[in-house]
Amino acid sequence: MLTSYLNATQRLLQNPKAPTALYSPDDLTVYINTARGQLAGEAECVRFLGALTLTPGTRNYDFSSISTGVSVSNGIQGVINVRQALYISGSGYKIITSRPWEWFMQYNLNVVAPASGAPVTWSQFGQGAAPGTTGSGGSGSLYLDPIPDQAYTLALDCVCYPNALAADADVEAIPYLWTDAVPFFAAYYALLSAQTQARQGDAERMYNHYAKFVERGRTAANPSTLRYQYSQAGDPAQANKLGISKAAGGQPGGA
């Protein structure tokens, strides 16, 4: 897949053949992997049902503690954020309610003698991800309440980021059709590096094409029966919420 990305990006940049190459393959590989990481976060297209085994008496856990399978085979490096959480109960699952951090701190942590038991509420505190790190600091994290009284196993709906591609045989975690957007974002980075006014304008055009392909990927991935299942698809009632009316013929118009 890396070779396909390199060829597509070079075609977008109209990169001359050696020895007059404008952008080295090593630089383009860096831009491609940066673009892949940014795309994974924006589109939330790399999803995995991660597993986390709780430690009795411990309520906070770094994202680096969440198991996302074998990265060599699925191409997933780590977790960006957690959307939902359940814990295994008997032969099934029980949902754990998510709360904004401010709510959680006010109503769950604000207790002199905290209770222990099965997790009922969780909230994200730390943000983002720290590739290749373990322990506290630099990684996203989540808190649970009550404090776990036993080693519960959580199933977490995770948004993930991919491994960096170093060879053509490396597994690509980003699904098609979003892969079509990657060369445009990589070309955007490459053109920014030229630091000339003309190239800056070209870079903005590449970014606009990238945004179109991300939108097309989301539209194509959503099933027709659940067209607005994911947040990036947009809100079908947004116009009404903003007080935007439509004139005759379906065109936006004034009140």
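Predicted model: local features only at pLDDT ≥ 70, side-chain atom pairs only at ≥ 80, totals over all residues.
Helix H5 runs over residues 182-194, and because 13 residues at 1.5 Å a residue should span 18 Å, the 19 Å between its end C-alpha atoms agrees with expectation. After H5 comes Gln-195, which has a positive phi, near 55°.

## The seven-stranded sheet

Seven strands form an open sheet in the order S1-S9-S3-S4-S6-S7-S2, and their pairing is mixed. Strand S1 (47-53) and strand S2 (60-62) are the edge strands, each of them pairing on one side only, while the twist from one strand to the next averages 40°.

Within this sheet, strand S3 (residues 76-89) and strand S9 (residues 153-162) run antiparallel and are joined by nine bridges, with Tyr-87 standing opposite Leu-154 in S9. Helix H2 packs on the sheet, where it touches S3 and S9, and its direction makes about 135° with that of S9. Helix H4 (residues 101-109) also packs on the sheet, touching S6 and strand S7 (141-145), and its direction makes about 135° with that of S6.

## Gln-124 in strand S6

Gln-124 lies in strand S6 (residues 121-124) and counts as partly exposed because its relative accessibility is 23%. The side chain of Gln-124 reaches the backbone oxygen of Gly-126 at 3.0 Å.

Leaving aside residues up to four places away in sequence, Gln-124 touches Phe-63, Asn-81, Val-82, Trp-101, Ser-141 and Leu-142. Asn-81 is 43 residues from Gln-124 in sequence, yet their C-alpha atoms are 8.1 Å apart in space.

Conventions:
Residues numbered from 1 in each chain as written. Heavy atoms only, no water. Helix = DSSP H or I, 4+ residues; strand = E, 2+ residues; numbered from the N terminus. Expected span 1.5 Å × (residues − 1). Buried < 20%, exposed > 50% of the residue type's maximum accessible area, 1.4 Å probe, protein only. Contact = heavy atoms within 4.5 Å. Polar contact = N/O pair within 3.5 Å; in protein donor to acceptor, adjacent residues only side chain to side chain. Pairing = 2+ DSSP bridges. Axes fitted to C-alpha atoms, helices over the stretch in contact; angles between N-to-C directions.
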